[in-house]
Structures are given as C-alpha cells and as structure tokens.
Amino acid sequence: MTRPRRELKITKVGDKEYIAEGDRESIATLHEQGIGEKVSDSRLKVSPIELAYLTTRFRVVDREGREIRIEDVLQNVGDILRFIVYLDLRKRGYNVKITPDDSPIDILVWEKGKKPSKARPRYAVKIVTEGLGIRALDLSSLLRYCEAMGLQLVLALLSNDGVVTYYKAFSLRDFRAT
Amino acid sequence: MRRIRAVLLDRGVIVPDVESARTLYRSGFYGKFIGHEKVKLQEVENIVAPLQLSLVEALYLVEKGVIEVYRPDGSPVSVEELREIGRRLIRNFDFIYRIYRELRERGLVVKSGLKFGALFAVYEKGPGIDHAPMLVHFIEPDRDINALDITRAARLSHSVNKRFVLATWNKIENRVDYVAFEWWTP
C-alpha cells in the first residue's frame, strides 16, 4: 500500500507568490532542497514554478481544502520550458533554483547531495530550443560570465516535443585533443 | 632557413622535392604524401612521394616564411594571390583560414576534418599519436548557434571524441568564437 502523501496548504499572497504551509519536517526538507524561502518553521514562500513542482510530490490544497493539481498552476509558471527543465533536473535528484528574470541564465544547479542553503551552485543552465538559436556573441559572454562566477555552463537543448538533452560548454582555454 | 619550394597546380599546391616534403611533414604534419595514407613520423624516412598541401596550409606556411609558391612556369605566387585563389575556391575562406591559423598558433596540429564530417580534426601532438582528434565544426557567419547545430556536431563527434568545438565568426567583436561542448548526463 502506498503511503498517503503529505499535505501542503497554499495561500496566494501576491501575483507570483504563494505561502506553502505544512508539517515542520516537510518544510525543513524542502528548505534544505532549495525550494522557496523559509518564512517560519512551518511555512515557505514559493514561486509558481516551485508550486507546480510541489504538486508532483505533495497533496496540495487551498485554504478551503480543495486539491490544487499541476494543471491548475501551470498557467502561472510563465515560461513553461523553464519548468520542464526544472522538473527534469529535480526528478534526476538535483537541487535547483530558478534564477530571477533578468539573469542571463535560467536555472542554477547544485552538485548532487549539496544543499543550496550551505553550498554554492555548480552548474548554470541555459535553455536553447530547437526553433531559436543563441547568438555566438551571447554564448561567448555567457560562458565568460559563468566561468567568472565559478559555474559550469550547461546548455539544455529542448526539442519541440519537450525532450531535454544537456551539453556542458567550455571555452577554448580548455582545448585539449583527448 | 631556406624556404621550401612549392608549386601551385590549379586548385592545389604540392611540394615536389621528396626531402623537403619529409621535412615539412615532420615539422607539424603538414600536407599529405601523395598516394600514402596516415603516415606516422617514424615512417616518413621511407616515403618517396611529393607532398600535397591544402590552400589553407599553403597560405599559412607562406605567411610563416616556410615555403614559397611558384607556378609551373616558374613565376612566383604572392600571398595575396594565394589568398584570392582560396577565396575563389573555398566558401568562407577568410574565416576558415583564420580558425586554422589560430589553432596552429596554439601549437595544435590541424588537419582536414572532412572524413569525420567536420571542418577540422585537431590533434595535440598529431595523428597516430593522439588517441583521437577533437573535431571543429564551422557555423556560417550571420547564423545563430541552434540546438540542431550542437546535436548534429555531437552525433558526428560521438565515435571520435567526447568533446567537440563549434567555431563561428563574431562580427561584432571581429573575432572567431570557439565553444567546446561535451554531452552531459545529469
């Protein structure tokens, strides 16, 4: 028999902000995994993308106890592609964070087993789609930016049907034939 | 050092003198011995054949003062003439030459990557010495690098080397941009 999923109660507090309320253990775990900002021991402030992800792990309900499903929140996540890559990396066991909208990268990723509250991120993910490319100039400056920040740039190539393939990108300084 | 004499034969350049051909090949795996494939350094002594140079190699060696190029009638071919011939015969010649020169200046051995489906196959020490070359793919100027460029290059490189390079002309900064890639399974 499967264990009943733990419950999170959601309150919308802003255009793109929600408060997720749950038991202390769940909130502590989520906080360690870099999800949301801790408001109190039982409450986290989360973004729409984080909320959409939480619906895949918890039973998520509103103040009236009505269940919130992923399809109810997807329309608020903004860039669906970012959510797809976010979810893919989370499901692979990485702790990840969506970057602010003005950042040149899309998602920060921690080394497996590293806690965002204690360690620095290792990878910077930039999403590249099948339809649109990235200007050489933009790619070069992105690479320089990541290297200066001590981050490994990863391009997440997203096919039109949502399949993700990852490539690490390096500058020519690392040019070695083998 | 005395410059090696090379001859322009329509679309290619050859070094007819066998001893000069050996010297040039030994000095950085330049060219290809006509009729011989994958010649190792220790085999050079036994090769009796002229060396064929690509236009890119010939231009580089002329610029470095290593060779001089003549027509079959004995008249010299200037650097500019050689460059013009390259532009006429090879699309994006200036960009391709620049990539070749930059990689050579880094001390790398740069050979044609055609048989691997790439522009250049690049070796740290040389073919037959390195385990595998790194493939350099050229993205035409005025084109963005897209997901398909990366996966296509990766596919071609897969059996050769896990890393590959996309090179493209950055017209804003007036330089070649190189980015190396490696497939990552998170």
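Predicted model: local features only at pLDDT ≥ 70, side-chain atom pairs only at ≥ 80, totals over all residues.
| Feature between chain A and chain B | Value |
|---|---|
| Buried area | about 3,100 Å² |
| Share of buried area on carbon and sulfur atoms | 67% |
| Residue pairs in polar contact (both at pLDDT 80 or more) | five residue pairs |

On the chain A side that touches chain B, the elements giving two or more residues are strand S8 (123-129), helix H5 (136-148), strand S9 (152-158) and strand S10 (164-171). The residues on that side split into 20 nonpolar, five polar and seven charged. Overall, the contact draws 32 residues from chain A and 37 residues from chain B.

Strand S10 of chain A also takes part in pairing across the two chains: with strand S11 (residues 175-184) of chain B, S10(A) runs antiparallel over six bridges. If you want a spot to look at, go to Tyr166(A), which stands opposite Trp184(B) in S11(B).

Now for chain A by itself. It has five helices and 10 strands, and its C-alpha trace spans about 60 × 35 × 35 Å along the principal axes. Of its 178 residues, 45% count as buried. Taking the contacts in chain A between residues at least 6 apart in sequence, 46% join residues at least 24 apart.

Methods:
Residues numbered from 1 in each chain as written. Chains lettered and ligands numbered in written order. Heavy atoms only, no water. Contact = heavy atoms within 4.5 Å. Buried area = accessible area lost by both parts, 1.4 Å probe. Polar contact = N/O pair within 3.5 Å; in protein donor to acceptor, adjacent residues only side chain to side chain. Helix = DSSP H or I, 4+ residues; strand = E, 2+ residues; numbered from the N terminus. Nonpolar A, V, L, I, M, F, W, Y, C, P; charged D, E, K, R; others polar. Pairing = 2+ DSSP bridges. Buried < 20%, exposed > 50% of the residue type's maximum accessible area, 1.4 Å probe, protein only.
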